[in-house]
Amino acid sequence: MKTAVLLLVAAGTAKRDEDLHALAARTRTEHRPAVARSAARAAKASRLLADHGHLLPPDLREKGQDLLNEHEFRLHAALDSANPGPALAAIEKREAGYLKAFRKLGGEGAVSKARKLPKDEERTKLRATREVLFEATGIDAEEPVWGAPFRALEGLFRAGHPVSSLAEREAPMEALGVSAKFFEDGTALTRRYHVALQPPCDCWTFGREAVVEQARNVAESLKAPPLVEAWLDSIAADDTGKLPSVGFGVSAEDGACKLYVLNYGGNELPPLPLVDALPRTARKQDRASSVMVSVEWKFGDMKTQQMRQYAVEAAEGDVAVARHTQDERFAGDELVAALDGTFGVKQSEDIAVTAPFQYVGDTTPPLVAAPLSKSGLKLKRQDGGIDSNAETDAKLAALLKDAAPGAGAWLDKSRVIRHALSNVQFGEGFVTLYRHPTVFGFVDPSSAPQHLALRNALTKNTHSLRRRLSGLTACDQAEEDFIDRAVWGSNPDDSTCAQDGKNPANAGMCPQSCQDDIACMIAACSDCALVDAVCDEPVDLGAHPSLASGDLRFQYKAPVVMAGADGSNRDNIEGDCHTYVDQSDIVQPLGRKSLEGQLEDDVQCKDKHQDDIDFDCWVESDHNDAGTATIVCEGCSPDGTQSGFEAAMATFFQNLVASTGGPCSFDASASLVALGGASGSPTNSKYSDLDSELVPDDMKVRFPYGDNGLFDVMSLWGPEGCRYPYYGFLPDEPLCKDCSSMAQAKEDVLNGLWDGPCNDDDPRGDDDSLPLPPNYPGCGCDCADFLRRDLSCTSESCVNVAQAYAASNTVCAGDKLRWDTTSSSTGCETYGAGSPLTGSACLDAAGAVPNATCYRTPAAISEPGFPWPWPDVCYHMQRDAALGRRASALALVGAIVMMV
């Protein structure tokens, strides 16, 4: 990294934001909007990294910080240059690329989910290992029957990871729970455990297909009855809803087996066979309420089963509800009273169960309710913690010495699983104790399988950064595969590029694994392969009122007056008050809600569950003077419209300034007057932010990927050693020879400034001692060759690729994607052969490419004899597409076509 960039690292995030805002005020008038936009984007990125950077692997967290530092460095460099305009345009293009990637990773929805994940560095390192299972239960994971659920859990986290990498030990501890059933006669069942193949949270998932596949394996090993298979079929087919929590429980001594299904987050249970015929619990439930249902059977009995429904009382501490609704079962129960007095009861379970029955599909006889055999209580956390506690366990063992002989020994042995005692269930002559996880989301980002599962959860129901018109093109898929391989490195069996690129021994070099991945992407995206795009124009609700939804985001600026301001003091908006306004709940003192957290609790948003609502607030610093401040909040609307958002925000802020205002002290009367000048803005959500099925057809376009697409992806996501001047990633032939595609690529490559073959500046990198090619910096040979390409354009050729491919009679006025094919259109920008090109050391003053001395990268994909990878190496790529793309240009691929 350059010395200048290293100095910027030390400056700190807050200082960077302040400097960039100040820089905008000092910039020449014509450049202020671009600098202000960049400053706002950098400030938001800084907040996101500060709040959620712990969810990234350490190397990517560091890279995120480096990108912020580099962003400021480039912005200053652009303004110091002789011609800031093109430099600022290049920066804006890079920002747009990162914004697309942000949307691909779930955007604001992912931020909302991430905010709900707990922070505990120690617990993220806990693993549900075979040793833990054996120590807590005495069950060997290799046991053919009783180890099957645990092996299924391992299978999810091991998929795509070699066993030698110990990926089989990567399941988080929260995926495992244990229990024991104690009888008054002194006997006990302690070989019991359960696993969650899908947890009840948006914290990790391997997807519906993988979860159901592993669940089927467990069902087969446990010789499950047909109803279990029918439930799994229903879960597999319900691809329109959210995947519910799915798990298995086993009790080896008595052969009991269970399949659990639990909905969460306000989402309905899938239409499981017979679930609507379950006996009702006392607390009336619907399919969207939080309810767990199960199928229970004895190992070997593949005909007979029971079903059970568990409902949890929403109000804490209400033991009386359980006593009243379950036939006075707990009335006068001294043990329950003792538990309540010693530990407190968090919630009571309401359970309904069927009599044993045989499932015969639609002709299954009506289900009959069985008498309740047990009732349950949930215990409150002790000392606010979720860890097992020896002192607490000892108190419980003393209380249970008569009702559950042997409980003390089990509590000691099972403490290895680290969960505090969560549940106690009572029945005639028995007590069952549970150590089940109660908080989910302790994901270790340094574990590749766990981080993949986390990304799956955060990005669920999102799409590629290019929305699909129909299906998934081979090129779109190849680009996604490359980013997954080069950035995330989720599957070492597929590619080791991410790992190899971080190896210090490969500094300044492009590892062969990465070269193969680049070649796979090129093979799929050559010959004018098409990709999908959506207009990045803000949504026009006037033209498309049906798009009003909770997914649209609006902005509201609320001017307030701080109490005690003397006309020059702005300190009242600093300190705790500034943190309250500008930071999420993650950094708030225990028990305090941030301004964002209050909004997320108080504001309802159209078609959004409360758990999915996300607000972002900050202090607009350039308005903080004379005791005033402007608080800006961005979020969703109760009715999906701007007017509905402004009304909700006006009510909220009027109540806020008239009350305590959290740690902020407002001048209520002056603030109420100032709020009369509050303003909202139309949605800043773009058509490209919406789910594909919601986007109007006239806002979509499909056009060639071309060299421009390759250049963008490599500039944003290519490993350092796989970029210029270390590695030449541009092939010797254009990915698309259409005039518009080639013209756009030429313009973007020239405006790349610090990236690509036409870069003539000292390269970025952590080590300035890395060897550089002769004649560098200067004209790159790939740049000269690229600029000499015949554009195949005429004077009437359209050089706007979106314009050339958009459907007739449509208009898009986006930031980076524009077209107008209406009858009133004046036509697209046409190619001018005499237009001079600028911006590269390869060009002379007239824009020509003289035969000058140039530098060649040490390695390049355009070298004769480059070992293009076999199609099977490209993994997800469609085989026929991979073979056909380069057949016209590469004899090797032609030979492969003949061989297969």
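How do H17 and H24 lie relative to each other? I started my notebook with that one, keeping in mind that the model is predicted.

**Entry: two packed helices**

I looked up the pair first. Two packed helices are described by the angle between their axes and the distance between the axes. Helix H17 covers residues 474-488 and helix H24 covers residues 706-717. Their packing angle is about 20°, and the axes are 11 Å apart. Angles under 35 degrees count as roughly parallel, and H17 and H24 are therefore roughly parallel to each other. I also noted the hand of the crossing, which is right-handed. On the H17 side, the contact is made by Glu479, Phe482, Ile483, Ala486 and Val487. H24 contributes Val713, Met714 and Trp717.

**Entry: the whole protein**

Next I stepped back for some totals. I found 29 helices and 21 strands in the protein. Of its 900 residues, 54% are buried. I then checked contacts with a separation of 6 or more, and 74% of them are between residues 24 or more positions apart.

**Entry: Gln305**

Is Gln305 buried or exposed? I found a relative accessibility of 1%, and buried means under 20%, so Gln305 counts as buried. Gln305 sits in strand E6, which runs over residues 304-312. I wanted to know which atoms its side chain reaches. Another is the backbone oxygen of Phe357, at 2.9 Å. Leaving out residues up to four places away in sequence, I listed what Gln305 touches: Pro225, Leu227, Val295, Glu296, Trp297, Ala355, Pro356, Phe357, Gln358 and Tyr359.

**Entry: Asp202**

I moved on to the loop between strand E2 (188-198) and helix H10 (208-221), where Asp202 lies. Asp202 is buried, at a relative accessible area of 13%. Which side chain does Asp202 join in a polar contact? I found Lys242, and the contact between the two side chains is 2.9 Å. I also checked Gly265, which is 63 residues from Asp202 along the chain. The C-alpha atoms of Asp202 and Gly265 are separated by 8.7 Å.

**Entry: one face of H14**

Which residues of helix H14 are buried? For this helix, residues 390-399, I wrote down Thr392, Asp393, Leu396 and Ala397. Looking down the axis of H14, I see these buried residues fall within an arc of 135°, so they line one face of the helix.

I finished with the backbone. Most residues other than glycine have a negative phi, and most peptide bonds are trans.

- Leu274 is not a glycine, yet its phi is positive, near 70°. I placed Leu274 in the loop between strand E4 (256-262) and strand E5 (291-298).
- Asn809 also is not a glycine, and its phi is positive at about 65°. Asn809 lies in the loop between helix H27 (801-805) and strand E19 (811-813). With 56% relative accessibility, Asn809 counts as exposed.
- The peptide bond from Tyr724 to Pro725 is cis, and its omega is near 10°. Pro725 belongs to the loop between H24 and strand E18 (727-728). That took me back to H24, the helix that packs with H17 in my opening entry.

Technical notes:
Residues numbered from 1 in each chain as written. Predicted model: local features only at pLDDT ≥ 70, side-chain atom pairs only at ≥ 80, totals over all residues. Heavy atoms only, no water. Helix = DSSP H or I, 4+ residues; strand = E, 2+ residues; numbered from the N terminus. Buried < 20%, exposed > 50% of the residue type's maximum accessible area, 1.4 Å probe, protein only. Polar contact = N/O pair within 3.5 Å; in protein donor to acceptor, adjacent residues only side chain to side chain. Contact = heavy atoms within 4.5 Å. Arc of directions from axis to C-beta. Axes fitted to C-alpha atoms, helices over the stretch in contact; angles between N-to-C directions. Parallel < 35°, antiparallel > 145°, perpendicular 65-115°, else oblique. Left-handed = near helix turned anticlockwise from the far one by under 90°.
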